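Dear colleague,

I am passing on to you the structure we talked about, with the sequence alongside. Please have it open while you read the notes that follow.

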Amino acid sequence: MESPAFAAEVTGPGNGGPQALRAVAAVTGLSLWRSKLLLNSTPATVLEDSSLGTALAVTRRLTDAGVPAVVRCTVCARTVPREGTPLDPGPCASRYWPTAHCEANSLTTCDCSFCRTYGPLCLTP
């Protein structure tokens, strides 16, 4: 069973000035000029198909520089809180794994057929 990926998205141009441009350039690898174009065309995805930890680190760096950014699950499009606290156990749109198997979810137990048959997968505490 494969875990969902996460994306870091810039939601607004922010007011960080040169710090914001440098943060976007560092995260994306773009030049300062292209980083400015990206900030002017928000909302924009700056990181795709990443782990939850990496996406949270990227958004933390961007928000510390004055750029509003969020982490979204690429499957269910739910937004992960900035602190990295788990999501409410709401419905996940995945056809491939139960909601409890999403690493951003707050569920700690699962009663899916896979876990009943083969034992529980590592769920986030």
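This is a predicted model: local features need pLDDT of at least 70, side-chain atom pairs count only at pLDDT 80 or more; totals for chains, interfaces and linings use all residues.

**The chain as a whole**

For orientation, the protein chain has four helices and four strands, and read along the sequence these follow the pattern β-α-α-β-α-β-β-α. The protein chain has 125 residues, of which 39% are buried. Among its contacts between residues at least 6 apart in sequence, 53% join residues at least 24 apart. The accessible surface comes to about 7,100 Å², and carbon and sulfur atoms account for 53% of that area.

**Strand pairing**

Strand 1 pairs with strand 3 in the antiparallel sense, over five bridges, and in this pairing Val10 stands opposite Ala69 of strand 3. Strand 3, which covers residues 69-73, has four of its five residues buried, so it is largely enclosed by the rest of the structure. Strand 3 is also joined by two bridges to strand 4 (residues 79-80), again running antiparallel, and here Val71 stands opposite Val80 in strand 4. The hairpin that these two strands form has five residues between the strands, and in it Ala77 takes a positive phi near 65°.

In soluble globular proteins, nonpolar side chains tend to be buried together. In this model the largest nonpolar core holds 15 residues, and Val10, Val46, Leu62 and Val67 touch the most other members. At least two residues of this core come from each of strand 1 (6-10), helix 1 (18-28), helix 2 (32-40), strand 2 (44-50) and helix 3 (52-64). To take one member in detail, Leu62 is in contact, once its neighbours within four places in sequence are left aside, with Val10, Ala23, Val24, Val27, Val46, Val67 and Ala69.

With best wishes

How values were computed. Residues are numbered from 1 along each chain as its sequence is written. Side-chain values use heavy atoms; hydrogens and water are left out. A nonpolar core is a set of buried Ala, Val, Leu, Ile, Met, Phe, Trp, Tyr and Cys residues joined through side-chain atoms within 4.5 Å. Buried means under 20% relative accessible area, exposed over 50%, partly exposed in between (1.4 Å probe, protein chains only). Contact means heavy atoms within 4.5 Å. Two strands pair if DSSP finds at least two bridges between them. Accessible areas come from the Shrake-Rupley method with a 1.4 Å probe; for residues, only the protein chains shown count as cover.
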